[in-house]
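Good morning, everyone, and thank you for making time for this. Please have a look at the chain that I am about to show, and keep it in view while I talk.

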Amino acid sequence: MNMMSIIVKCNNCGNQTEMKSEYVGHQIYLHRLLRDADFSIDTPNFEYSGELDEIDDVDDIEVRIREVRISCQKCGDYIELQEFQ
Ligand SMILES: [Zn+2]
């Protein structure tokens, strides 16, 4: 039903997975699907704007994902995803 998928391929050892959404809302559950295919995904690295000790309202803090690393559990190679906006 969903025509889009994400392929993660390690060119070092050949480990590969194609992740397709099995859900109505087209979501992909990255952590689970990658783990089942011998990949792992790190907790995203965040970037915060402003001086945190000068902010009174938590809504004034802007948080962006800076990078996300996907690692191959078979050989240890990895790729970093960046520029989320
Ligand atoms: Zn690998």
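This is a predicted model: local features need pLDDT of at least 70, side-chain atom pairs count only at pLDDT 80 or more; totals for chains, interfaces and linings use all residues.

Residues are numbered from 1 along each chain as its sequence is written.

How confident is the predictor? The term pLDDT stands for the predictor's confidence in each residue, from 0 to 100, and the chain averages 88, with 96% of the residues scoring at least 70.

Now the overall layout. When I say helix or strand, I mean DSSP runs, numbered from the N terminus, with helices being H or I of at least four residues and strands being E of at least two. Counted in this way, the chain has 1 helix and 6 strands, and from the N terminus on the order is β-β-α-β-β-β-β. The radius of gyration is 17 Å, well over the 12 Å that the globule rule gives for 85 residues, so the chain is more spread out than a compact globule. That radius is taken over C-alpha atoms, and the globule rule is 2.2 Å times the number of residues to the power 0.38. Along its principal axes, the C-alpha trace spans about 50 × 35 × 20 Å.

What share of the residues is buried? A residue is called buried if 20 or more other C-beta atoms lie within 10 Å of its own, exposed if 12 or fewer do, and partly exposed in between, with the C-beta atoms placed from the backbone. By that count, buried residues make up 5% of the 85 residues in the chain.

Strands E1, residues 5-9, and E2, residues 16-20, run antiparallel and are joined by 5 bridges; two strands pair if DSSP finds at least two bridges between them. Among the bridge partners, Ile-7 goes with Glu-18 in E2, and Val-8 goes with Thr-17 in E2. The hairpin has 6 residues between its strands, and Gly-14 takes a positive phi near 90° there. In the segment before E1 we find Met-3, which counts as exposed because it has 7 C-beta neighbours inside 10 Å. Met-3 and Lys-20 are 17 residues apart in sequence, and their C-alpha atoms are 8.4 Å apart in space.

Next comes Asp-38, which sits in the loop between helix H1, residues 30-36, and strand E3, residues 39-41. Its phi is near 65°, a positive value in a residue other than glycine. Asp-38 counts as partly exposed, because it has 16 C-beta neighbours inside 10 Å. Two residues are in contact if their C-beta atoms, placed from the backbone, lie within 7 Å, and, not counting residues up to four places away in sequence, Asp-38 touches Asn-15, Gln-73 and Lys-74. Asp-38 and Asp-56, by comparison, are 18 residues apart in sequence and 43 Å apart in space, C-alpha to C-alpha.

In strand E5, residues 63-72, I would point out Ser-71, which is partly exposed because 18 other C-beta atoms lie within 10 Å. Leaving aside its neighbours within four places in sequence, Ser-71 is in contact with Phe-39, Ser-40, Gly-76 and Tyr-78.

Finally, two residues from other parts of the chain. Glu-51 lies in the loop between E4 and E5 and counts as exposed, with 8 C-beta neighbours inside 10 Å. Glu-83 lies in the segment after strand E6, residues 78-82, and has a positive phi of about 60° although it is not a glycine. Glu-83 is exposed as well, with 7 other C-beta atoms within 10 Å.
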